[in-house]
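Please consider the sequence and structure shown here before reading on.

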Amino acid sequence: MKEKFYSFILELQDTISGTLEKLDGVASFKQDLWEREEGGGGRSRVIENGAVFEKGGVNISAVHGPLPVSMQNYFKVNDVDFYATGLSLVLHPKNPFVPTVHCNFRYFEMYDEKGRIVDSWFGGGLDLTPYYLFEEDATHFHKICKMVCDRHEVADYALFKKKCDEYFHNSHRNEARGIGGLFYDYCKANESFTMEDWYAFQIDMASHFLEAYVPIVEKRKDLEYDQNHRDWQEIRRGRYVEFNLVHDKGTLFGLKTNGRIESILMSLPPHVQWKYDHHPVPESPEHELLKVLQNPKNWV
């Protein structure tokens, strides 16, 4: 399974990065190949200062070795070895009317002292973080998510959407990071479903990321904006940073397994603001976004 999934994400990284370069039209991805001292490595690709994308990364990794003590405590296991592979993507567009997007598709195995698999699961998802709310964009994104889920008996759109709303939530501010999407984890074989069933769903959802996001970019990337729009975008990016550094489990896992810092923190946007006690004008487009972030809604 791990070889099959790793082969898939190698091709997916090429497909996504190639499509995004064409969409940007100016910038191209810089590639870094890196190795992890304890075992494994990855291929990071970062795009910066483009016509469409101010910063973005499409990274893959496959790391393995003894599970660190901190993660043993987290997973409630003793001394085990692990293998983790996945694709992680974050894109921060320049135009404030184009939303930031994130997705992650991963696979994990744990082994006993004889090298036998004692546990394995898939996890991942995708979510959209707009700075200005276009309801038709949110609906489109969620329709693609639901369409893929509906094709697979293992997938439950309503459940995964609910988990996404709960996970990508800045509890210290009582607001969502964005308008959600899907989030699922610890997707294991059981009496009803096999790992092949989960694999089929995982690759189907990952293969539809571009269909969920690219049409939104094409629709919004040439809209005119001013400095007020940029200021709001950068304030909201601050909330994005807060979530990733305070709450995100993927960031925590990467840091505690001696992951590559540049790859882990590539999700952070280049220009951010933290204005003291900032509140948007009531009934403004900025205020309308906040109302939705404080009260997640169903889009399909």
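The model is predicted, so local features need pLDDT of at least 70 and side-chain atom pairs count only at pLDDT 80 or more, while totals for chains, interfaces and linings use all residues. Residues are numbered from 1 along each chain as its sequence is written, and side-chain values use heavy atoms, with hydrogens and water left out.

**Sheet and helices**

Seven strands form an open sheet in the order 1-2-3-4-5-6-9, with antiparallel pairing. Helices (H or I, at least four residues) and strands (E, at least two) are DSSP runs, numbered from the N terminus, and two strands pair if DSSP finds at least two bridges between them. Strand 1 (30-35) and strand 9 (180-187) are the edges; each has a single partner strand, so one side of each lacks a neighbour in the sheet. From one strand to the next, the twist averages 5°. Strand 6 (residues 117-129) pairs with strand 9 over 6 bridges, and within strand 9, Y184 stands opposite G124.

Axes are lines fitted to C-alpha atoms, for helices over the stretch in contact, and angles run from 0 to 180 degrees between N-to-C directions.

| Helix | Strands touched | Angle between directions |
|---|---|---|
| Helix 5 (residues 195-207) | strand 5 (100-111), strand 6, strand 9 | about 25° with strand 6 |
| Helix 7 (residues 227-246) | strand 3 (53-66), strand 4 (81-93), strand 5, strand 6 | about 165° with strand 4 |

**Nonpolar cores**

A nonpolar core is a set of buried Ala, Val, Leu, Ile, Met, Phe, Trp, Tyr and Cys residues joined through side-chain atoms within 4.5 Å. The largest has 55 residues, and those with the most contacts inside it include L20, L126 and F209. Apart from it lies another core of 12 residues, among them V63 and F82. Beyond four places in sequence, F209 touches I16, L89, V101, C103 and L126.

**N104 and the cysteines**

N104, in strand 5, has a relative accessible area of 15% and is therefore buried (under 20%; exposed is over 50%, partly exposed in between, with a 1.4 Å probe and protein chains only). Its side chain makes a polar contact of 2.5 Å with that of R106. Such a contact is a pair of N or O atoms within 3.5 Å; within protein, one must be able to donate a hydrogen and the other to accept it, and residues adjacent in sequence count only if both atoms are side-chain atoms.

The whole structure contains 0 disulfides (pairs of cysteine sulfur atoms within 2.5 Å). For C149, the nearest cysteine sulfur, in C145, is 6.8 Å away.

Technical notes:
Contact means heavy atoms within 4.5 Å.
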